[in-house]
Every structure is written in structure tokens, then in C-alpha cells.
Amino acid sequence: MRIILVTGLGGAGRTTVAAATALAEARAGRRVLLVSEDAEGVEDTGGSAGHGDLRVLRPEPAADFRREFLALQARSGTALDLLGAAPFEDAELTELPGSRPFALLRALREAAGGDHELAVVDLPPLPEALALLALPEQLRRYLHRLLPPERQAARALRPMLAQLAGVPMPAQWLYGTTARWEAELAAVQAVVEDPATTVRLVLEPGPAATRALRTARLGLALHRLSLDAVVANRLLPASSEDPWLAGLTAEQHRHLAELRAGAGDALHELPHLGRAPRGADDLALLAPARTGAAPAPVPEWTVEDRRDEDGVLVWHVPLPGAAKEELSLVRRGDELLLAAGPFRRNLPLPGALRRCTVTGAGLVDGDLRVRFTPDPGLWPRTS
């Protein structure tokens, strides 16, 4: 199943493009799910005439928060009773800041488990969307550091250790909760990293568009996500007798030329309707190109073996659009902490590099090349 994640600059029309994409694909005969809180002009059609098979899933962060909080409270009932805590009721719970991303991630996992052929997911604006897509991997890493899986084997020894040595061990419910979180996060991460999951970027040509495209390409490359299309939205007519409108058009098309240079064949252009889109007929005028073609493969992160030449291994990490001055590397055990512009990620080292020493790094045409010197005891050089 194909999943298209739609994001872009705030106010560029990403929700409209997501809805238009889903509707066009449904009318073309595909079973489509649209995941969006705000999409207007589309409804659950269930295969009704003229609209195809389109389903709409609207995440509800407040209801999702209450459901998850009450479930956690129920699982922790014994510990709360010992503390004398009064349980909360559904009616008194108010959604907390930060609950919206988790509701959207659960909706994404649900979208991947359906029987549709295509899911179109309306994501938040670009910076928030990139942070959201990185969240499952980051949270799993935090869980592994705070409660390593190997420590969970000590659950059976907890009563004996408490009696003999007074060693504090986490309670059973904590391990169970951690295991559930780990399973849920791993499922969402698998959806995000699936080769059939791609990102569609919606921009309105203007001063910030080219910078946003560069930022998006860098962030997506760092998290190994494929950019399937760049949508230049709300294009004004190329010719107008009105001098005021002609000036705006000329400026917009200058920025559009910059987007063409940066996006190449991935750029799709959509017109400005002269009004806010109203209903399915307007959405039909704003659908980007069909998505039937296979998504472009994500560039591989290869390890080049140069031991026969200069005795090093080179790890190639593609980072299109990166600049040397915004990159930094720090080795932490079997991980490499890579900062690229506003993004950072802990990269687990491939097995061949874990017993090597980082000896340098360089950036060549958007390809970060990290050099490692092998441990002589592991790979003796031959004459």
C-alpha cells in the first residue's frame, strides 16, 4: 500500500492539496483513505457514483488523549491505590499540549493497517511535520536508554533482590507499559520508513519557498524519507492587463523559476482559482499529477571499503542541500550524532564500523563521507 504524507509551509494550501489528491485518486478507481483534521469538501463516499471509494479519517486529539490516559490509569490502578490517589473521570480530563502529535501518529498507524490502496495523510506545517516523523525513533531510543530490554529479564529476580540486597527494581506495570509503548512506536516507525511511504511538499512560490525546499530535502534525507513531488500552489495567471496583478505575477514567477531549478521534474504547478476552493468540483481542479508510478528509491547509505588502498572505510551519507558549516559529527559508542542545519539524529553505526575510529569527514556534492580507520587487531593489513 502507498502512503503519501503531505506537508509544506503554513498557509501554502497543504490541506487542500491533500484533499484534492485523495479525491482525484478515488475518482480514478483506487480505494483511498484521507487522514486529515481539517479537510473540507470531501466526504466518505464508500464508492458512490462519481466520487469513487474515498474514506476520511479525522484524528481527534482530545478524545485520543482521554482514552489513552484512562487506559494508563486503569493499568496503574494498584500503584495509585497504594498512594491513595483519587482516579480521574473522563469528563474532567482536558487535552494537554503535545497530545496532538501522538494522535496523528496513531492515525498514521491505523491508516497503514486498512484495506485501501492509497492513504493520503495531511501533516502539520513543515518544521512540525519533520519533528513528528522523527518522533517514533527518538522515543524508542529514549526508552532503550532508560529501561534497556536486557534489564527486563530481572523481573523474576525482583522479589528476591528486594529481600536480600534491597536493590530497587521497577514495578511490573512499568515494564508492561514500556513494552506496549515500544511495540506501538516500532509499528509507527515501520510505516514512516517503509519504501512505499513518500512525502509531498506544498509551497506557494515566494521568498521563503526555495529555503523551505532546501530545508525539507535536508531533513528528509537525514531521516531517509523520499520526496515524491513538490507542488507549487496558487500560481497567478501569467498574463494580466492589471499593472498591480502583473507585478505580483512577475515576482511569483521569479520564485517559481528558483523552485524549478531546485525540484526539477518533481515540480507540479497548480493554479490560483481566484477564490477559496469550495467543494469537490473545485478540488478536482487542484489535483497534482497521478501517483501511480513507483516512488523514487531512497539513496543508500553505503560503506566503501578502501583497505587495499589507504586502509580506511568510508561511510557515504547522502545529504542534498547541506552546507559544510552546518554539519557536525560526534561519536557516542556505537552511534554517530549527526547535526545537519536544524536537524540532528543519532545514527547507529553499521556493524563493520563499530570497531573503527572516526578519522575525518568531508562533504562532496551533497554526499557526506565519514572516514574510519579499522582496528588493526580486527583487520590486519596485508602487504
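This note walks through a predicted model of one protein chain, point by point.

1. **Ground rules.** Because this is a predicted model, local features need pLDDT of at least 70 and side-chain atom pairs count only at pLDDT 80 or more, while totals for chains, interfaces and linings use all residues. Residues are numbered from 1 along each chain as its sequence is written, and side-chain values use heavy atoms, with hydrogens and water left out.

2. **The overall picture.** The protein chain has 10 helices and 14 strands; helices (H or I, at least four residues) and strands (E, at least two) are DSSP runs, numbered from the N terminus. Of its 383 residues, 41% are buried. Here buried means under 20% relative accessible area, exposed means over 50%, and partly exposed is in between (1.4 Å probe, protein chains only). Among the contacts with a separation of 6 or more, 66% join residues 24 or more positions apart, where contact means heavy atoms within 4.5 Å.

3. After the helix comes G29, with a positive phi near 105°.

4. **Helix α9, with a buried side.** Helix α9 (residues 243–263) has 21 residues, and its end C-alpha atoms are 30 Å apart, which agrees with the 30 Å it should span. Its residues T249, Q252, H255, L256, L259 and A263 are buried. They lie on the same side of α9 because they cover an arc of only 135° around the axis, the arc being that of the directions from the helix axis to the C-beta atoms. What do these buried residues pack against? Their partners are β5 (197–203), α8, β6 (226–235) and β7 (267–271). The face turned away from the buried side carries the exposed residues P243, R254 and A261.

5. In general, nonpolar side chains tend to be buried together in soluble globular proteins. A nonpolar core here is a set of buried Ala, Val, Leu, Ile, Met, Phe, Trp, Tyr and Cys residues joined through side-chain atoms within 4.5 Å. The largest one holds 59 residues, and W315 and L319 touch the most other members. Helix α8 (residues 209–222) gives the most to this core, with 8 residues. Beyond its neighbours within four places in sequence, L319 is in contact with L218, A221, L222, L327, L338, G366 and L368. A second, separate core of 25 residues includes A12, A19, L34 and V42.

6. **A pair of tryptophans.** How many aromatic pairs does a search of the whole structure find? There is 1. The ring centres of W301 and W315 are 6.1 Å apart and the planes stand at 70°, so the pair is edge-to-face. Rings of Phe, Tyr and Trp (its six-membered ring) pair if their centres lie within 6.5 Å; planes under 30 degrees apart count as stacked, over 60 as edge-to-face and the rest as tilted. W301 lies in the loop between α10 (279–284) and β8 (303–306) and W315 in strand β9 (residues 312–318), so the pair ties together parts 14 residues apart in sequence. Both W301 and W315 are buried.

7. **R224, over a ring.** The charged end of R224 sits over the ring of W301, 4.9 Å from its centre; this calls for NZ of Lys or CZ of Arg within 6 Å of the ring centre and within 35 degrees of the ring normal. R224 is in the loop between α8 and β6 and is partly exposed, at 30% relative accessibility.

8. **Positive phi away from glycine.** Most residues other than glycine have a negative phi. R224, however, has a positive phi near 60°. D365 has a positive phi too, about 50°; D365 is in the loop between β13 and β14 (367–374) and is exposed at 81% relative accessibility.

9. D64, in helix α2 (residues 61–75), is buried with a relative accessible area of 7%. Not counting residues up to four places away in sequence, D64 touches F102, A103 and R106.

Methods. The expected span of a helix is 1.5 Å times one less than its number of residues.
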